[in-house]
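Subject: The structure I promised you

Hi,

Here is the structure we talked about, with the sequence alongside. Open it in your viewer and keep it on screen while you read the rest of this email.

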Amino acid sequence: MRKISIFGATGSVGQNTLDLLRRRPGEYQVVALTGGHNIDQLAADAREFGAEIAVTAHGECFEALKSALAGTSVEVACGSEALIAAAGRPADWIMSAIVGAAGLAPGLTALEQGSVLALANKESLVTAGPLLMATAKRFGATILPVDSEHSALFQGLIGEDISTVDRVIITASGGAFRGWSLEQLQGATLQQAATHPNWDMGQRITIDSASMFNKAMELIETKEFFGFDTDQIEVLLHPESLVHALVGFKDGALMAHLGSHDMRHAIGFALNWPKRRELPVEPLDLARVGSLNFAAPDGGLYPALRLAREVMQAGGLAGAVFNAAKERALDGFIAGEIGFMDMAGVVETVLTQMSSEPGHNEGVIPLDKIAQTDHLARIRAGEAITALNNKG
Ligand code: NAD
Ligand code: MG
């Protein structure tokens, strides 16, 4: 039986992963499941799958988890150190689906045991791409992308000579606000931003889709994972979310990856890799779809895309600053401290302030330096939010 651990098991990607495991009883043995505040879900899944250990990220949830799993053989633990320890338990395949930079340290530990890391946590690559890729190489581990666009690119590149690739294109649905004017965007509410027209995802990535910060992070993710140059990577608006990504070759061929918007395809591809097996994904009926639409993104409406390109050019610690400032700005928007379009302003301010931090020109930056930078960028973003409010 293959040993599986899922970090962020209670979230949208985590639950989709468990759905796939449930469909093939007897094939998988669950080692670790982790979650946050959703103790009922975590305990129910740990029981159902007979997990070795269940970990909540939060100390205050420990007693609830312990009593929910009393009388079972499931071990319980809490906190960030326990998450890292759980990632060190031997497993063949580990899903990294925690949201945010909190997913980085467990992901690195998982790579250190030479496992296959199915990477949904894009923040890891944005924050510490070179470190993550170097760790995988050093320990003979494999990273498989689970973000739908990156899974699509990965699939499109199988068997191809990467030097014959001219460009790659990732698509963006435009999230909740496609077709909105700048004025409308400035007044966008949390409730409006947290509803996605096509994909059913966690709240944070849904809002990031509306602001295009999700696609901005995916641009950086593409560069870090595949190693393409900044100007080889394009974003194309595609409201139907059926074409996930395209690979353009030097001979003019453009290969597209199409499929229903169901994350179980990308998760299942990573789970079954290097084979392909049947998945519970609706086949695409293109005759019924009828037409597919594409447009260039409007830079004026989506400053996040420009910022991402600046980060890609800068390299070094810029990704860690960008991600942390974005996470803090998003917290601010969710808490009602700042408006929807202010998020990009906060991130830009912090990027400018921190562009001369030492380490900006280094290749593989160690985790402690990254954590320090992440911490400082969150403080700077908090200050930028306060400054905005004082001005307003
Ligand atoms: P979600 O909000 O639904 O779930 C997040 C999970 O992380 C939960 O289990 C939560 O308990 C846990 N978590 C939250 N904060 C934590 C912390 N500080 N420490 C430890 N655990 C914590 O998120 P999601 O939509 O499943 O997304 C997970 C990751 O996958 C994100 O990085 C997201 O960008 C990426 N992703 C998601 C989708 C999708 O369809 N949902 C698609 C592509 C990529
Ligand atoms: Mg994506």
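How many bridges join strand β8 to strand β10, and do they run parallel or antiparallel? There are 5 bridges between β8 (residues 165–172) and β10 (residues 243–249), and the two strands run antiparallel. To see the pairing for yourself, look for Ile169, which stands opposite Leu246 in β10. Before you go further, please keep in mind that this is a predicted model.

Those two strands belong to an open sheet of 4 strands, and its order is β9-β8-β10-β11. The pairing in this sheet is mixed. At the edges you'll find β9 (233–237) and β11 (254–258), each of which pairs on one side only. From one strand to the next, the twist averages 20°. Helix α11 (residues 213–226) lies across β8 and β9, and it runs at about 155° to β8.

Now on to the other sheet. This open sheet has 7 strands, in the order β4-β3-β2-β1-β5-β6-β7, and here the pairing is parallel. Its edge strands are β4 (75–78) and β7 (142–145), and each of them pairs on one side only. On average, neighbouring strands of this sheet are turned by 20° against each other, ignoring direction.

Leu33 stands opposite Ala54 in β3. Helix α5 (residues 104–112) lies across β1 (2–7), β5 (93–96), β6 (116–119) and β7, running at about 155° to β6.

Next, the ligand. Which residues come nearest to ligand 1? Of the 23 residues around ligand 1, those are Thr10, Ser12, Gly36, Glu123 and Gly202. Sorted by class, the shell has 12 nonpolar, 8 polar and 3 charged residues. Two helices, α1 (12–22) and α6 (122–138), each supply at least two residues of this shell.

The backbone takes part too. An oxygen atom of ligand 1 is 3.2 Å from a polar backbone atom of Gly11. For Val99, the distance from a polar backbone atom to an oxygen atom of the ligand is 3.4 Å, and for a polar backbone atom of Ala120 the value is 3.4 Å. On its own, ligand 1 has 820 Å² of accessible area, and the protein covers 84% of that.

Most residues other than glycine have a negative phi, and most peptide bonds are trans. With that in mind, have a look at Met212: its phi is near 75°, a positive value in a residue other than glycine. You'll find Met212 in the loop between α10 (203–211) and α11. Then go to Trp273 and Pro274, which are joined by a cis peptide bond with omega of about 10°. Pro274 sits in the loop between α12 and α13 (286–289).

Cheers

Notes:
Residues are numbered from 1 along each chain as its sequence is written. Chains are lettered from A and ligands numbered from 1 in the order in which they are written. This is a predicted model: local features need pLDDT of at least 70, side-chain atom pairs count only at pLDDT 80 or more; totals for chains, interfaces and linings use all residues. Side-chain values use heavy atoms; hydrogens and water are left out. A residue is near a molecule or strand if one of its heavy atoms lies within 4 Å of it. A polar contact is a pair of N or O atoms within 3.5 Å; within protein, one must be able to donate a hydrogen and the other to accept it, and residues adjacent in sequence count only if both atoms are side-chain atoms. Accessible areas come from the Shrake-Rupley method with a 1.4 Å probe; for residues, only the protein chains shown count as cover. Ala, Val, Leu, Ile, Met, Phe, Trp, Tyr, Cys and Pro count as nonpolar, Asp, Glu, Lys and Arg as charged, and the others, Gly among them, as polar. Two strands pair if DSSP finds at least two bridges between them. Axes are lines fitted to C-alpha atoms, for helices over the stretch in contact, and angles run from 0 to 180 degrees between N-to-C directions. Contact means heavy atoms within 4.5 Å.
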